[in-house]
Amino acid sequence: MVIERVYNKYLKKSLDNSLITVLIGPRQVGKTTSVNAFLGGIKPRRKFYLNMDSSFEREKVKTNERYLEELIEGALGFRLNLLKERFYIFIDEAQKLPLIFELIKILYDKYGRYLKFIVSGSSSLELLDKTAETLAGRVEILRAYPFSMSEASVYERIDDFSCAESLYGGIFSGSLTAKKLSHLVEEFKPKSGKKTQLIDKLLTRSLFPPTFSKISEDGIPRWLVDYIDTYIEKDMRSVKDIGNIEGYRRVIVQLASRMGSLLEYHQLANDSGINQVTTKKYVTIWQESLIGFLLSPFFLNISTRIKKSRKVYFCDNGIVWALAGFKERKLIETSNESGHYFENLVISDFIKWGINQEMPPSFCFWEKSQASEIDLIVNTKGMTIPIEIKYSKAWNKNYLHGLDLFKEKHKNEGLNIPFSLIIYRGDFFAPREDIFCVPAWMLC
């Protein structure tokens, strides 16, 4: 089952422009499936697919510098200099052969008016390196992640993602109102029960597409273990900056234990058993591989923001659950970790919806003290939107405390705050004119 993806409209737009489309993301997130779905309606003589995972194809390219050009001309049935309409070349696992980037550059510079290159691969880090090195100024980079909550809802045949799309559209444009939210609640309320059940399951369930399409529920833990091993032992071992693969594994496990918490490099280094310089390098590699990300603190001064400690998040709760040893849900509940899992699920969902927009929002957190913080600050189109994320089903007026402090702290600094949000597991209502309590089920 091939479903609509959140990033599809950006991918379609990218395929219509003249730049080289580079689609990056962890393995098994559906990059190849998405591109092939778009190219499915293109006539065979106007496209071809080349997989550099094949040692045969790699050898052909190495021994014949015109091999790529000959493949295109073979599909066309005539010489490239006679080409007068768009021709699509999809090169998968391109990072497996660095030479291919030089050949793409030569052909793009010569025939870019009609040749449309789509480049993808399972090693985002290597792909980005080769792209920056050879194809700078010629590419548009899109990022693919595991399913969003709404994509999981689509796959489970609960609903399409029009509710989430409308909600995120209102947030990222700063146009959300109590009236709009009320209409969305009224329209999608009949499916809220199933969506709520799905969110509860997704606290520890993986959102990687194969865990929906190919793997039984009972088989997901084994799949996650194999995925992590493949990611570390295959993808990361090939990265030249990782000399100690076991040290890298320990860093990833320690990062998972810090999900939703501030990252202190000296403590992470001590707990991982490696030096601080190497630890920082490994965390950078972890981010660039798109397995996880660090959220910066909110400061109007950008240089201050860069210097301060950041918070740790992962793009898939299932990966964290696996790295934590598949802890029982009861233990997660009793140890008060459910809030961290819920927060990670929601914040990573915001990333998945926002990252590929033409003007992507930036995401931060704000902390005045341990007792006063805002989980997520969305900066979008000149506006600042504070968002509290609460695992509770019950409303508590104390949820307003951090939002009030944030506004008070920045009241003379010219921030445009159109509204504030509290995302929780309860019902929709507006405790104040510009503060909306949004049920989590509306994200899916």
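The model is a predicted one.

**Two packed helices**

Two packed helices are described by the angle between their axes and the distance between the axes. Helix 8 covers residues 162-173 and helix 9 covers residues 178-188; their axes come within 11 Å and cross at roughly 175°. Angles over 145 degrees count as roughly antiparallel, and helix 8 and helix 9 are therefore roughly antiparallel to each other. On the side of helix 8, the residues that meet helix 9 are Ser 162, Cys 163, Ser 166 and Leu 167. Helix 9 contributes Leu 181, Leu 184 and Phe 188. Sorted by class, this contact has five nonpolar residues, two polar residues and no charged residues.

**Aromatic rings**

A pair of aromatic rings is described by the distance of the centres and the angle of the planes. The model has 26 aromatic pairs. One of them joins Trp 366 and Phe 406 in an edge-to-face arrangement, with 5.3 Å centre to centre and 80° between the planes. This pair links distant parts of the chain, as Trp 366 belongs to strand 8 (residues 362-369) and Phe 406 to helix 20 (residues 400-409), 40 residues apart. Buried means under 20% relative accessible area. Trp 366 counts as buried because its relative accessibility is 5%. Phe 406 also counts as buried, because its value is 0%.

One aromatic cluster is formed by Phe 161, Tyr 168, Phe 172, Phe 350, Trp 353 and Phe 363.

**Buried residues**

Helix 6 spans residues 124-134, and its buried residues are Ser 124, Leu 125, Glu 126, Leu 127, Lys 130, Thr 131 and Thr 134. The elements that cover these buried residues include strand 1 (20-24), strand 4 (115-120) and strand 5 (139-143). Helix 5 (99-111) and helix 15 (276-288) are also among them.

A further example is Ser 150, which is placed in helix 7 (residues 149-155). Ser 150 is buried, because its relative accessible area is 0%. Apart from neighbours within four places in sequence, Ser 150 is in contact with Val 6, Phe 161, Ala 164, Trp 353, Leu 443 and Cys 444. Of these contacts, Phe 161 and Trp 353 are also members of the aromatic cluster described above.

Definitions and conventions. Residues are numbered from 1 along each chain as its sequence is written. This is a predicted model: local features need pLDDT of at least 70, side-chain atom pairs count only at pLDDT 80 or more; totals for chains, interfaces and linings use all residues. Side-chain values use heavy atoms; hydrogens and water are left out. Axes are lines fitted to C-alpha atoms, for helices over the stretch in contact, and angles run from 0 to 180 degrees between N-to-C directions. Helices (H or I, at least four residues) and strands (E, at least two) are DSSP runs, numbered from the N terminus. Angles under 35 degrees count as roughly parallel, over 145 as roughly antiparallel, 65 to 115 as roughly perpendicular and the rest as oblique. Contact means heavy atoms within 4.5 Å. Ala, Val, Leu, Ile, Met, Phe, Trp, Tyr, Cys and Pro count as nonpolar, Asp, Glu, Lys and Arg as charged, and the others, Gly among them, as polar. Rings of Phe, Tyr and Trp (its six-membered ring) pair if their centres lie within 6.5 Å; planes under 30 degrees apart count as stacked, over 60 as edge-to-face and the rest as tilted. Buried means under 20% relative accessible area, exposed over 50%, partly exposed in between (1.4 Å probe, protein chains only).
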